[in-house]
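Visitor: I would like a close look at one residue and at what surrounds it. Please start with the residue itself and then widen the view.

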Amino acid sequence: MNSTRGHSFAEAVIQRVNSDSGYAARLKMADSEITGFRAFEHLSRWCELSNDDEFASFATIAAAIARAKPKRNGFVGIGRALAMCFDDGCSSTAAKARLLSLLMCRTVESTTKTLRHILMFINSKGGFCFDYGALLDDLLRFGKDGDSVHRKWATDFYGTRRLI
């Protein structure tokens, strides 16, 4: 079991959304600029609400978990999950376009806004044992090392290929 901040958050939220429908309903609105305040009470235990990047990161993951209601945190990263949504995987033009829209983001704010739609799309295709904790850890690191996070997501999407 991973003990990162992201994984601890994901596990706690997953457990609670599956047992408390009111909690889940409030978290579903966490990533909306209009209704996000309804999740303040719950997210304040995990993040600094006055830190826009941190709040957006936690709100995005909380809302995605509340919408998907997974039974547990998974192991599939954002890149692999996106590729798995299409029959031709990472060769799919549509999958590449969605990945590119994510990799073009240069700020946490634009990344979380793009992720909101991508995560809903992944959930609509089955969720694929998605690793919400790792994605949150990536978002928390994004402001300091966005290029490294982008490379991680691209590697996850395309896989590791080495020519010898």
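Visitor: What is the relative accessible area of Asn123?

Guide: The relative accessible area of Asn123 is 30%, so the residue is partly exposed (buried is under 20%, exposed over 50% and partly exposed in between, with a 1.4 Å probe and protein chains only). This is a predicted model, in which local features need pLDDT of at least 70 and side-chain atom pairs pLDDT 80 or more, while totals for chains, interfaces and linings use all residues. Residues are numbered from 1 along each chain as its sequence is written, and side-chain values use heavy atoms, without hydrogens and water.

Asn123 sits in helix α7 (helices are DSSP runs of H or I of at least four residues, strands runs of E of at least two, numbered from the N terminus). Setting aside residues up to four places away in sequence, Asn123 touches Arg67 and Ala68, where contact means heavy atoms within 4.5 Å.

Thr114 is another residue of α7. At a relative accessible area of 18%, Thr114 counts as buried, whereas Asn123 is partly exposed. The contacts of Thr114 beyond four places in sequence are with Ser101, Leu102 and Cys105; those of Asn123, on the same terms, are with Arg67 and Ala68.

Ile65 is part of helix α4. With a relative accessible area of 0%, Ile65 is buried. Beyond its neighbours within four places in sequence, Ile65 is in contact with Ala10, Val13, Ile14, Val17, Pro70 and Tyr132.

The phi of Lys69 is near 50°, which is positive although the residue is not glycine. Most residues other than glycine have a negative phi. Lys69 is partly exposed, with a relative accessible area of 34%. Pro70, for its part, is among the contacts of Ile65.

The protein has eight helices and zero strands, and along the sequence it reads α-α-α-α-α-α-α-α. Its radius of gyration is 15 Å, close to the 15 Å that the globule rule gives for 164 residues, so the protein is as compact as a globular protein of that length (the radius is taken over C-alpha atoms, and the rule is 2.2 Å times the number of residues to the power 0.38). The C-alpha trace spans about 50 × 30 × 30 Å along the principal axes. Of the 164 residues, 48% count as buried; Thr114 and Ile65 are buried, while Asn123 and Lys69 are partly exposed. Among contacts between residues at least 6 apart in sequence, 69% join residues at least 24 apart.
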